[in-house]
Amino acid sequence: MRNFDRLPWRAPFSSFAGRLVGALDAVLDSSARVAPFRILLQVPGSQVCSPIACGATLEEVEQHWDWLERNLLHTLPVFDSKEDIASFVKGKVQALIAEETSSRLAAQEEEPEKFREALAKFESRFQLPEAEKLVTYYSCCCWKGRVPRQGWLYLSAHHLCFYSCFLGKELKLVIPWVDIQKLEKTSNAFLTATIRVSTPSKERDFSMFLDLEGALQVMEQLADVTLRRLLDNEGFDLDPHLQEPSQITKRDLEARAQSELFRAVFRLPRRERLHAVRDCALWTPFSRRHTAGRLFTSDSYICFASREEGCCQVLLPLREVGLQGGTAQREAGLPASSFPAPQAPLPLQSTSACSDHTFGDLEMVSSQSSEESGEEAPGAVLPMSREEVKISLWKDHFVEYGRTVCMFRTEKIRKLVAMGLPQCLRGRLWLLFSDAITDLASHPGYYGRLVEESLGNCCLATEEIERDLHRSLPEHPAFQTETGIAALRRVLTAYAHRNPRIGYCQSMNILASVLLLYATEEDAFWLLVAVCERMLPDYFNRRVLGAQVDQSVFEELIQEQLPELAERLHDPSALASLSLSWDDSQALVLLSRFLDHIKNEDSPGPPMGSHHAFVSEDQEPPPVTDIGDLIHDSYEKFGHQSVGQIERMRCRHRIRVLQEAGRAKKRLLRVVSPEVSFPVGDLEELYDLFKREHMMSCYWEQPRPGPARHDPSRPYAEQYRIDSRQFARLFQLVSPWTCGAHTEILAERTFRLLDDNMDHLIEFKAFASCLDTMYNGEMNEKIKLLYRLHVPPALTEDDHDSQSPLKNPLLSTSRPLVFGKANDDASDYKKQLKQMIKDLAKEKAKSETELPQMSQKEFIQFCKTLYSMFHEDPEENDLYQAIATVTTLLLQIGEVGQHSSSSSSRSCSQDSGEGPRASAPSPEQDSVFMDTDTGRAPQNTRAFPEEAEGDWTISLEHILASLLTEQSLVNFFEKPLDIKSKLENAKINQYNLKTFEMSSQSLPELKQDSDLLNELAITKQEPPICGLSAP
């Protein structure tokens, strides 16, 4: 008994009413599209129908019905009641759905059932490869002009997708994250809060989110992760859970955001991962009360932050907890001896007020000297200098809040830092607040081993270091002797040996030299590690990505906090010339003029005079400002910006900075454009297709040998490269030389021809030049390209089609060189061809590079390609007839040359006594056509009738001259071709082609069924290669 019905769905209302109902469904629950064909389960006597399967076409629902007949229907008679049948069928269908989606990590989501349903809709609507991981989805509205389109926004590992069906009209958007330049919260004329997604070509606004802030944060995280994984090879290698796109979930993104904020707040190493967060209260002795806050635990730290911003923070390295046990309870009363024993200082003498101290150990000596002076005059009230006041304040702070890395960090520290650090405490405070002191204590002897290992090594980094050593604070006495230079050399060389990925970057010498003024050599090394790898992780590399991001954040803050200054600047990005463009001499002059009027009274170095003038002699110079006052004002006026706000801004601006590839695109197009004839617009679209093809393989394919990702360190012309499989897909989409089943073989040969360095990768310039020849080249250039595709190295012994045997009997060359005319007259072209070959030989002699001769086997492949190219052309029959004529002519020429070569070889071997040796036919010899009309063989061939004949070969000149004799062939190769239609079709079908290939698992199967049928039809109706019969 079958209780199933296959019914086409029909709207119960009129066409307009049906569309209206569909639009309402889209607004309310997005279930706008009801499948036109469904299989329903209905128990006799019941009015309820349960959907079992659905399909967009009759063929699709027939496949579901066949599966039910094979696997389900024959088991139903074993049940006694109809209700049992219905329950069994429903349970079976639900189990199949759950099994289908279980592998997609749906169980990890907060609502697995809803996620499975959304996943099924996402896959059916966008037809992306199965490897594309759906991360989350939102109900929202997409604005198309002033018209809102209600639908669903799907955020996947590599794409932002939107689907809507409104009044029967579908809207599908698929935007790769790598194309998004900006994500921002904005407003329009109707709504106050929308999310604007900006790409190079268009802006899209999305609104009506239940949680707009949450949706925007997930979008920013996804865009940041994808862009850094694909475009930033230097700075994204520490998130193993996010390196695999198929494992990314919304929870992972939220955890990553929390970990990044945690590391930024406490300035921890990038390797630290946040494990747990708990609400708690901490006893703070300085305030004699419990302070409410949150406790954070990571791999190596326990941290506390009060709920009140800036009230209290505590950083406890687990190493300290394990060694001292109870550090948190007695931190406030730690004595000065709890400092690690200071290293031997560098013998670098100071020229400041503390000239009796050696650099690197100023803290302890200064403290002792101040105490001794206090003992000599205990009751006297002596005036204190600014430096002494700072030292006194820090000493009091150490007594009350602690003096190690585990001290209580309050708002008071911020105020003390804004006042300026004392010279004698600066190195030690740097070690504490950067937590470099923990690395120092955790790696005893590490620096010494690095110095020994790097001693004597010579590389690019050491060469750059030697070049910059004497440019590091050359005016300071400490670096005017070999002692200071040697210490600086050891620190920089040791770090380059520790981190070869960074090695050495300019400005590291200045940073290290300043650190050496206040710290011992080993302390300076660990401070350099903290700055380069923890505090400013993306500053010291080839792209200075972190500096560019912070510069962009700085520009936004100027517009928000200093609108008057922003108006006077007109373009805030001009500030980048001062902070980033050190090669800009005008920017350096302006910066130097500004710094001439900034003084630092606490500097240990000699005073610097003014070298520039802001104003002319008749104008009053601006007042001199102390650097301490600037720092204090900045904290007071703009210190309200929280770390979380800055990190969100960095994440948002990093998306834009990572799109520097767009500038590389412009530079590349400027280089390629003069060498091709494509319009700039078409060339840009071709570049976008090329880049997208590269990216799609990064999305869904396992890395293969060679650079699998974008490499920003390479020249911009080579940053995106594709392999043979990617090239084959692009060739099929945009090449005008489509040859049916033969297209794949032609694509393989073209790739081998363009891969001149044999690294199995080609860049965009070679790809564009090849296509330009196909579309815009002269006839001789096109024929030359076709010729090169059928001789080595493009044609190899392993070619898929090169091993096909020569079975066509019509390729015999035993017929005379005679062609049938319309009036049945016979015409001998012997003299004309002889003169043509002589002229072509003269042109060939002028050519710089000589192409190899084409063998008969290669010539057959050449003819096969031509026949495939003519298929479906309006002049197909004329072209087949013309190529048959030309083929016969070329076969005759090759045979004549073969006899001539054999004769010449035998004659030479008879004169010299050597064996037969093949030689190339000479077009200057009259013997080429000497005896073809009389049938007499040359005399020198009779002496060795048993010897084999010479090789059958023809040249490019032979082929070109023969093709020029047929006007239909000339018209075919010289007709104008437009790439625009191909580009439009490629933009639509590029993803579909990739999806089909991944589903078929192999490139040779990349053919539609209809194409296979067409190829079979072509094979049956195709004329022979030589269509002329002997007269």
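Asp468 is buried, at a relative accessible area of 6%, where buried means under 20%, exposed over 50% and partly exposed in between (1.4 Å probe, protein chains only). Its partner is Arg471: the two form a salt bridge whose closest N and O atoms are 3.0 Å apart. By salt bridge we mean a side-chain nitrogen of Lys or Arg within 4 Å of a carboxyl oxygen of Asp or Glu.

A quick word on the ground rules. This is a predicted model, so local features need pLDDT of at least 70 and side-chain atom pairs count only at pLDDT 80 or more, while totals for chains, interfaces and linings use all residues. Residues are numbered from 1 along each chain as its sequence is written, and side-chain values use heavy atoms, with hydrogens and water left out.

Now step back to the whole chain. There are 1031 residues, and 45% of them are buried. The chain holds 38 helices and 22 strands; these are DSSP runs numbered from the N terminus, with helices being H or I of at least four residues and strands E of at least two. Take the contacts (heavy atoms within 4.5 Å) with a separation of 6 or more: 66% of them are between residues 24 or more positions apart. The accessible surface comes to about 53,500 Å², and carbon and sulfur atoms own 53% of that. Those areas come from the Shrake-Rupley method with a 1.4 Å probe, and for residues only the protein chains shown count as cover.

Back to charges: the structure holds 31 salt bridges. One of them pairs Arg256 with Asp224 at 2.9 Å, N to O. Arg256 sits in helix H7 (residues 250–266) and Asp224 in helix H5 (residues 212–231), so this pair ties together parts that are 32 residues apart in sequence. Both Arg256 and Asp224 are buried. Elsewhere, Lys185, Glu213, Glu220 and Arg648 are linked in a network of salt bridges.

Arg196 and Asp205 form a salt bridge, with their closest N and O atoms 2.9 Å apart, and both residues are buried.

Strands pair here if DSSP finds at least two bridges between them. Strand S8 (residues 182–186) runs antiparallel to S9 over five bridges, and Glu184 has Arg196 as its bridge partner in S9. Strand S10 (residues 203–207) is likewise antiparallel to S9, over four bridges, with Ile195 standing opposite Phe206 in S10. A hairpin of four residues joins S9 to S10.

Finally, have a look at helix H29 (residues 743–754). Its twelve residues reach 16 Å from first C-alpha to last, close to the 16 Å expected at 1.5 Å a residue; the expected span is 1.5 Å times one less than the number of residues. Eleven of the twelve residues in H29 are buried, so the helix is largely enclosed by the rest of the structure. Among the buried ones are Glu744, Glu748 and Arg749, along with Ile745, Leu746 and Phe751. What do the buried residues of H29 pack against? They pack against strands S17 (721–722) and S18 (762–763), plus helices H28 (724–734), H30 (764–776), H31 (779–788) and H33 (856–869).
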